[in-house]
Structures are given as structure tokens and as C-alpha cells.
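Dear colleague,

I am handing over the structure we spoke about, and I would be glad if you could look through it with the notes below at hand.

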Amino acid sequence: AVINDYGVFASAATGENEFITLENNKIELKISLKGGRVYSARLKDYRTHDGRPLILFSGDSTVFGFNFFTTDNRAVQTNNLFFTAESNSKNFDASEESKSVILRLMGGPEKFIEYKYTLAPDKYMVDFDVSFKSMDGIIASNQNSLTLDWKMYIPQQEKGRQNEENYSTIKYKYYQDEVAGLKLNSKKELEEVDIPTKLTWVAFQDQFFSSVVITNDFFLNGSISSTRTLTSEKYTRYYTSELGVPFNSATANSLSMKLYYGPNSITTLRKEGLELEKIVFLGRNIIGWINRFMIIPIFNWLDNYIGNYGIIILILTIIIKVVLFPLTFKSFQSTAKMQVLKPMVDELGKKFPKKEDALKKQQATMDLYKRAGVNPMGGCLPMLLQMPILFAMFRFFPVSIELRQEHFLWATDLSTYDSILNLPFTIPLYGSHVSLFTLLMTASNLLTMKMQGSSPGSDQPGMKMMMYMMPVMFFFMFKT
């Protein structure tokens with residue numbers, strides 16, 4: 001029955017699974033003889049929010065292998081077959097020099113598929129070379145491509161599960177073109193995309209870490225999916241991808257690929273090239289530009305001199321405030337002038353009490369503003385011009401791995417919410433923890449509004465309520 005199912009690969013259908021460790025000072029990979037795949041990837045410099053070793057993926061829930069048909073029309077999945085190791089050694093340490101693990105899936109004497117994993121010191125990137133030796137009489141001759149089948153359950157690593165889910169997605173790069181991906185923050189249970197064009201890489205992305213498969217040539221096409229709702233709370237996502245790999249059984253075939261298992265660090269990813277740094281989403285259009293050319297350079301410059309990231313954020317905020325001071329001052333100045341003119345505006349309201357006199361009242365009010373040299377929009381426009389910078393910072397901090405698990409004052413992790421009290425129950429719309437930072441932010445905003453007083457129009461019940469509701473709305477937005 002085994003021969004009928006697997007043909008020339010029947011001898012590889014059964015076996016005893018063993019593991020080979022390939023590691024350097026950054027990562028530890030366990031490579032399984034079953035499937036010849038990376039069974040687990042541990043990042044040595046990081047830990048989960050509750051202090052456990054940080055393992056990007058592990059276990060038989062992960063799939064990585066090639067699917068193809070043989071000349072006698074048998075469907076082969078290399079993920080389910082047993083490879084043999086070319087070395088008796090079970091541990092390869094690449095901390096000092098590059099090391100390689102070579103595995104072979106035998107299809108007969110001198111007929112095999114070879115996987116070669118090569119890891120260098122100080123690298124998160126693994127070279128993955130696949131060779132097909134004398135497969136011309138085994139793999140169907142009319143098959144011009146193989147399917148690389150890659151599936152992975154993504155374990156929860158962070159304290160803030162909601163943020164982790166919101167910033168987890170699949171990214172991919174079109175061949176010699178832009179980087180795209182599934183929609184962030186999607187509430188759909190299942191997201192699927194069929195990509196009919198060539199690809200350079202596909203990334204299974206978590207909030208702060210990614211697993212990426214990269215080809216030195218191109219993938220012919222791809223089909224990817226992301227499942228959000230899972231039965232186990234251990235995982236946040238289930239990712240799948242099927243990638244078309246060019247293949248010609250009549251000629252000697254070798255595939256040159258790379259596997260990245262590491263942090264979503266812009267600096268680290270940029271060194272690897274291929275626009276991998278775009279895995280980190282910094283916002284679109286002007287928001288992204290502000291982050292790349294203003295926020296991040298200042299942040300990195302401060303990081304060279306200051307060891308505490310809480311202090312860095314504080315100084316960065318002060319620098320941004322100083323840069324924006326002319327706009328802020330203009331806004332305060334305009335608001336102050338409007339407050340001075342408020343009694344005169346009220347008098348005009350008494351002078352033109354009738355609805356049919358609304359146009360005359362408006363003209364008189366604008367004439368008053370003109371004579372006093374006041375722009376009614378002067379208080380709003382400077383604030384609007386500041387918004388892109390504030391949105392850029394809002395985008396940058398949740399995806400900045402430098403802030404992950406960094407302490408400041410009572411906060412134990414600057415990348416997520418602070419909690420001074422965990423409630424034994426959940427309050428609707430609020431949650432089960434008390435965040436002091438958001439409470440202080442809300443209180444300071446309300447106090448600032450109170451100190452600024454009122455301006456024309458703000459004494460209307462609806463407008464006044466809106467002014468005070470904004471800080472409360474931000475409180476509920478930022479508490480997680």
C-alpha cells in the first residue's frame with residue numbers, strides 16, 4: 001500500500017523522526033527529518049510577555065514542503081516524507097562561522113531532493129538551497145512548476161492581544177515591484193488573496209516578529225490566506241500560502257531561497273535588502289513620510305545617547321512640541337483674540353436677533369474680525385497642520401520593537417498599555433485594567449480646555465459637549 005501511495009518515495013514514507021539543531025548567537029532552529037523542514041525557530045534575544053522563550057512557531061501544526069506529481073501520477077507532499085541527514089552530527093553551532101545542514105529525500109540510487117540550510121554568525125537569515133538530482137524520470141515531465149506549501153499557526157507573544165492581532169498580517173512583494181499585503185485591522189474571520197503575478201517574497205507577520213520566505217529568482221504566482229478566529233487562545237492567526245516555483249525536470253534544477261526568522265526591526269530588515277523593511281507598516285502617504293524622514297531619524301539619534309526609552313519618548317515629544325511651537329502659539333494667539341472679541345460678537349447677536357438677519361449678523365461679525373486682524377480659522381488650521389505628525393507617532397510606537405518590554409516608571413512594557421490595577425471583572429467598553437497613562441492624558445486635556453476658557457461658539461451646548469467628549473473618546477481609544 002505504501003508503494004502504491006508513494007512509488008519511488010515509498011522508503012521515505014516511514015521512519016523515525018529526529019531533530020537537528022542549527023543555531024548561532026541570534027536564533028536556534030530545530031530541523032525535523034520528517035519533511036526536512038524547520039520545526040521550530042527560537043529567538044535568543046527575546047522572550048514572551050510572560051517570560052517564556054520566544055518561539056516563532058513550533059510543532060506539527062506547521063507545514064513547509066513541495067507538492068508535485070510523479071510520472072505515474074502520484075501526488076507527493078515532501079512535508080510528510082522522511083529525509084536522511086548527510087552528517088551524523090545533531091548540533092551545528094554557527095556562532096563563530098557559517099554552518100550547513102544537508103538533508104536528502106531519496107527517490108532511488110543517486111536520485112534525491114536535497115535541502116541545504118546555511119546559517120552565518122549574527123544573522124536571522126538562513127540560506128535555503130534545494131537541489132533536484134536525477135528527477136527527470138520521477139517528477140512528471142509536463143510539470144513546469146512545483147507548489148511550495150507553507151502554513152503556520154502564529155502563537156500569542158504579547159500582553160496586548162488586541163494590538164498584536166491588529167498588527168498581524170501577511171505581506172508580499174511583487175517581483176521587481178511594490179510591497180503589498182492583506183488589510184491590517186480587518187475584522188473578517190478569513191482573508192484570502194490569489195496573486196496571479198510573480199512574487200519575490202512572502203512574510204507571515206506578527207506585531208513584532210516575522211517569518212519570511214524569499215526566492216533569489218521569483219515565484220510564479222501565489223495564493224494566501226489569514227484566519228483570525230481560532231479555537232485555541234494560544235494562537236492569534238493561522239496563515240497559509242501556496243507559491244508556484246518554476247521547475248523543469250529535463251534540466252538540472254536547483255532553487256536558491258532564503259528564510260528570515262527574526263524581529264520586525266527596520267534597521268535589521270533594511271540590511272537584508274529587497275525592501276523587507278516595508279514589513280513594518282508606518283502609515284501611508286504623508287504619515288509614512290513623516291515617520292521615515294522625521295520621527296525615526298530623531299528616535300534613532302536619541303537612542304545613541306540615551307538608554308531609557310521612556311526618556312527618549314519624552315524628549316522626542318518635547319522636540320516635536322518645540323518644532324510645532326510656532327503653529328501652537330499661532331493657535332493660542334488666535335484663540336485669545338477670539339475671547340477678547342467675544343463680548344462684541346455677543347452684542348452683534350443682540351443687534352441682529354432675527355433669523356432673517358443672519359446674513360447681516362455674519363457680515364458684521366466678519367467685518368469685526370477683519371478690523372481686529374483675526375482669522376476665525378486661525379485657531380483650527382495650526383492644529384490641523386499638527387495632526388499628521390501626531391498620527392505618525394501613533395503609527396510608529398505600536399510597531400517599534402525597540403519599545404517592546406522596555407520599562408518606564410510604573411509601565412512594564414512601553415509597546416502596550418500600562419496597568420496599575422487589574423480588575424477581577426470586565427467593564428463594558430473599558431476592559432479589566434486601569435491604565436494610568438490614559439487617565440493622566442484625559443485629565444490633562446480636560447484641564448487644558450478648562451484653562452483656555454471659551455471662544456465664540458463654544459458656549460453652545462452641543463459645541464461645548466463635543467469639546468469635552470473628545471478627550472473621553474481618546475481615552476477609550478488609547479487605553480489598550
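This is a predicted model: local features need pLDDT of at least 70, side-chain atom pairs count only at pLDDT 80 or more; totals for chains, interfaces and linings use all residues.

I began with Glu164, which lies in helix H2, the run of residues 161–166. Is this residue buried or exposed? Because its relative accessibility is 0%, and buried means under 20%, Glu164 counts as buried. Its side chain comes to 2.9 Å from the backbone nitrogen of Gln157, and the side chain of Glu164 also reaches the backbone nitrogen of Glu158, at 3.1 Å. When the neighbours within four places in sequence are left aside, the residues in contact with Glu164 include Gln157 and Glu158 as well as Pro155, Gln156, Asp206, Gln207 and Thr236.

I then turned to strand S12, which spans residues 145–155 and is mostly covered, with 8 of its 11 residues buried. Which strands does S12 pair with in the antiparallel sense? One of them is strand S5, residues 63–69, which is paired with S12 over 5 bridges in the antiparallel sense, and in this pairing Val63 stands opposite Lys151 of S12. Another is strand S19, residues 235–246, which runs antiparallel to S12 and is joined to it by 11 bridges; here Ile154 has Arg237 in S19 as its bridge partner.

With best regards

Terms used:
Residues are numbered from 1 along each chain as its sequence is written. Side-chain values use heavy atoms; hydrogens and water are left out. Helices (H or I, at least four residues) and strands (E, at least two) are DSSP runs, numbered from the N terminus. Buried means under 20% relative accessible area, exposed over 50%, partly exposed in between (1.4 Å probe, protein chains only). A polar contact is a pair of N or O atoms within 3.5 Å; within protein, one must be able to donate a hydrogen and the other to accept it, and residues adjacent in sequence count only if both atoms are side-chain atoms. Contact means heavy atoms within 4.5 Å. Two strands pair if DSSP finds at least two bridges between them.
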